[in-house]
Amino acid sequence: MAGKRQHYVPRFLQRGFVADPADEGERAWLHRRGAEPKLVGIRHIGVEDWFYSSKSVDGSPTLDDAITNYERDLAPSVRALREAAPGVVIDPHETAQTVVHLVLRAAHLRNLLSSGVSRLKDEIAAMFTNPARLGAMIGLGGPALGEAMIRAIRDTAAQLVPTGIPAAFAERLMTFMLRELGDQLVANAANDLAPLMVGAFGDVAVRIREAHASALARPLADNGWVGELSQFVWRVEAGEDLILPDAVALSRAPGESLAPMFFTSGADTELIVVPVAPTRILVGRRNDATFDTTRFNHDAAAASDSFFVAATPMGGTGLVEQIGTGPARALEQTIEETIQEAEQARKLTTCALEPVQPEERISGNFSYSVRLADFGDTILAKEIADIVQAVVARLSREIPLQDLDGLTIAADYNEALALLDRGNPELPPVTSGALGYGLGVAKPVTVCRDGRRKEHLVIAAGIAEAWIAQNAETRSFGLHTLVKMLAGIAHTTRYAGALTKTFMPDPMTREFHFAVATVPSGYWAARHAAFIAPDQGETYAALVLESLDFAEREITASRGKMADGSDIGPTTQRALECVAAVLGHAADWLGHRDGLTEGDSFAGANLPERLRPRGLDRWLEVFGRDLTACYGPSGILEFSIVTTLSRHVERLFWSFGLYCWPEGNDVRCIVSDHFFLPPNQAATDLS
């Protein structure tokens with residue numbers, strides 16, 4: 001009879017599991033997780049006040065009234081199933097309607113949906129109240145944005161095409177701006193959206209209750225599960241000490257374990273089981289699916305949301321501990337995995353590139369030469385050689401230096417580079433590569449010795465003389481240069497596998513990658529040499545600023561020589577040379593900063609502030625994150641990330657009025673009088 005106390009697991013189903021059928025109190029053993037089994041009247045089991053509907057104000061029939069009327073004929077049918085002999089075949093269509101009705105009316109589905117949506121709400125709310133976590137999901141802290149953000153950028157770029165902005169360039173611009181300015185955008189988004197999230201999920205329980213009631217009110221004939229289950233072969237089969245889970249019915253897909261019905265799709269389900277008594281179970285099969293009753297109780301307890309009932313106490317069987325470990329945990333785990341995937345999934349390149357495993361071989365038995373090319377005497381040569389030997393011996397315990405061929409120290413640094421015997425006449429002479437704003441002082445050169453690739457270090461005499469200077473600061477500067485050069489050689493050895501890597505670059509990478517090819521090595525070497533001279537950061541910072549000034553002068557001069565807009569080749573070539581230098585110095589500064597103990601101050605630490613007038617302060621941090629990401633766990637070199645560093649060439653090009661984007665298999669470039677400057681976030685309303 002309908003009323004306030006509304007059973008979501010009907011008493012006519014529980015009645016098959018009472019401990020003593022002769023007991024007028026109709027009591028069954030109630031099992032809840034964390035509690036001892038308790039003998040309880042079934043009128044108090046699986047019941048909740050106004051679960052389906054409230055009392056009718058005008059006397060019109062309620063949903064609970066409709067369920068009560070429908071089940072007047074259902075109760076005798078379930079009793080007949082309990083009393084049926086094993087093996088009896090049951091009408092499939094009628095059984096399908098009975099099973100779907102019993103599962104649909106249970107609280108199990110509603111409770112799981114409520115807990116799942118509530119957990120999802122909590123996770124989403126946590127994101128929108130935690131800018132750092134939301135930023136991580138978008139990909140702001142890593143080398144690539146999340147897939148959803150990439151799609152959004154691509155769609156927005158496509159909408160800008162009618163305005164004359166090429167989609168490929170718009171994508172690049174928006175991507176970089178999001179990476180540089182995204183933390184502030186996300187912080188504002190979190191502040192604005194957090195209240196909306198509370199409103200959006202505030203009535204979750206009410207909405208799910210309404211959806212559940214709506215589903216129950218629809219005719220069973222409209223439920224797709226009825227059609228699927230009508231195709232099953234249904235029989236009553238024998239069991240022993242079976243339990244009744246609050247999920248009522250369990251289903252199974254091929255190769256899976258039993259789970260609450262509706263947790264498998266109707267088309268995939270091969271088995272449905274509904275216990276009707278400790279010794280009887282209703283089994284529906286498709287394609288002669290097998291069923292082992294000995295595993296049923298374990299799966300049924302795990303599938304229960306909060307309880308199961310039985311005719312006997314099951315306290316010592318381990319079943320009580322299984323309650324809630326199945327679908328509820330699976331749903332929670334699915335939500336956790338979905339959130340984690342959203343936070344971690346990133347797309348770096350269109351092709352998968354294997355990381356380069358580091359060469360761990362460190363040999364203590366190797367030889368190298370030290371030669372003073374055009375200055376000094378034997379006493380000075382020995383003094384310098386002893387210092388080199390001490391430094392190499394110390395470093396070689398931690399980094400591989402067995403590919404060091406030797407050192408040539410010369411007063412005429414450029415001549416020493418040009419005359420160096422590289423061991424292969426086909427290799428061209430070497431130049432310092434220094435641009436007009438500085439002088440070269442040290443450079444490793446690849447040579448061939450007995451068919452083996454090695455590295456020879458050419459150093460200006462002034463650097464070597466600093467190693468024996470009386471002034472400690474001078475010695476520190478000179479030794480820092482030596483250690484950094486040796487670390488660069490070790491990087492080449494450690495990641496020799498990168499030399500054999502091949503990849504199919506896109507047009508932009510093909511044009512720009514050479515400008516950043518040595519940047520990871522410089523970053524790694526500066527990081528390993530930072531301990532020698534902490535204040536070297538000021539030298540690196542000054543070089544970054546000086547190289548930017550030089551680049552601006554050189555590119556402006558080259559632009560002035562252009563005959564027309566199509567004569568852009570010399571300008572872009574000179575820009576590449578200048579930007580490569582800027583990136584190299586910036587990588588040195590970043591590596592030096594990352595090599596110091598966290599929290600230590602160092603001269604030159606204010607470089608970001610000094611770059612702010614150029615709009616490059618936030619870019620520097622993004623560049624640093626990408627360089628850090630090049631080196632993964634256990635020191636592997638993430639080659640996929642290395643191949644994306646050329647995008648920083650593009651970013652610096654914009655600062656000099658050069659804008660490039662891919663067009664088919666080529667690169668389109670234009671020169672503009674408008675230099676790109678990101679918006680001043682301190683003065684811009686990002687909301």
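Student: Where is the place of D241?
Tutor: D241 is in the loop between β6 (233–238) and β7 (244–245). Helices (H or I, at least four residues) and strands (E, at least two) are DSSP runs, numbered from the N terminus.

Student: Before we go on, what kind of model is this?
Tutor: It is a predicted model: local features need pLDDT of at least 70, side-chain atom pairs count only at pLDDT 80 or more, and totals for chains, interfaces and linings use all residues. Residues are numbered from 1 along each chain as its sequence is written, and side-chain values use heavy atoms, with hydrogens and water left out.

Student: OK, back to D241. What is its phi?
Tutor: Positive, about 50 degrees, although D241 is not a glycine.

Student: And how exposed is D241?
Tutor: D241 is partly exposed, at a relative accessible area of 41%. The cut-offs: buried is under 20% relative accessible area, exposed is over 50%, and partly exposed is in between (1.4 Å probe, protein chains only).

Student: Which residue other than glycine has a positive phi near 60 degrees?
Tutor: N287. N287 is in the loop between β11 (280–285) and α11 (296–303).

Student: Is N287 buried or exposed?
Tutor: Exposed, because its relative accessible area is 72%.

Student: What about A289, where is that?
Tutor: A289 is also in the loop between β11 and α11. A289 is buried, with a relative accessible area of 7%.

Student: What is A289 in contact with?
Tutor: R252 and E270, leaving aside neighbours within four places in sequence. Contact means heavy atoms within 4.5 Å. As for I272, it is 17 residues from A289 along the chain, and their C-alpha atoms are separated by 9.9 Å.

Student: How many residues of α11 are buried?
Tutor: Seven of its eight, so α11 is mostly covered. The buried ones are F296, N297, D299, A300, A301, A302 and A303.

Student: Let's zoom out. How many helices and strands are in the chain?
Tutor: The chain has 24 helices and 18 strands. There are 687 residues, and 47% of them count as buried. Of the contacts with a separation of 6 or more, 74% are between residues 24 or more positions apart.

Student: Now helix packing. How do you describe two packed helices?
Tutor: By the angle between their axes and the distance between the axes. Axes are lines fitted to C-alpha atoms, for helices over the stretch in contact, and angles run from 0 to 180 degrees between N-to-C directions.

Student: So how do α16 and α18 cross?
Tutor: At roughly 130 degrees, and the axes of α16 (residues 472–494) and α18 (residues 519–529) come within 8 Å. They are therefore oblique to each other. The scale: under 35 degrees counts as roughly parallel, over 145 as roughly antiparallel, 65 to 115 as roughly perpendicular, and the rest as oblique.

Student: Which residues meet there?
Tutor: H480, V483, K484, A487, G488, A490, H491 and R494 in α16 meet P520, S521, G522, W524, A525, A526, H528 and A529 in α18. By class, that contact has eight nonpolar, six polar and two charged residues. Ala, Val, Leu, Ile, Met, Phe, Trp, Tyr, Cys and Pro count as nonpolar, Asp, Glu, Lys and Arg as charged, and the others, Gly among them, as polar.

Student: And α18 with α22, what is the crossing angle?
Tutor: Roughly 85 degrees, with the axes of α18 and α22 (residues 617–629) coming within 10 Å. That makes α18 roughly perpendicular to α22. The contact is made by V519, P520 and Y523 of α18 and F623, L627 and T628 of α22. Those residues divide into five nonpolar, one polar and no charged.

Student: At what angle do α18 and α20 pack?
Tutor: About 35 degrees, and the axes of α18 and α20 (residues 569–595) are 7 Å apart.

Student: Switching to cysteines. How many disulfides does the count come to?
Tutor: One, where a disulfide is a pair of cysteine sulfur atoms within 2.5 Å. C660 is joined to C669, S to S 2.5 Å.

Student: What is the torsion about that S-S bond?
Tutor: About 110 degrees for C660 and C669, so the disulfide is right-handed. C660 and C669 are both buried.

Student: How accessible are C578 and C630?
Tutor: C578 is buried, with a relative accessible area of 1%. C630 counts as buried at 0% relative accessibility.
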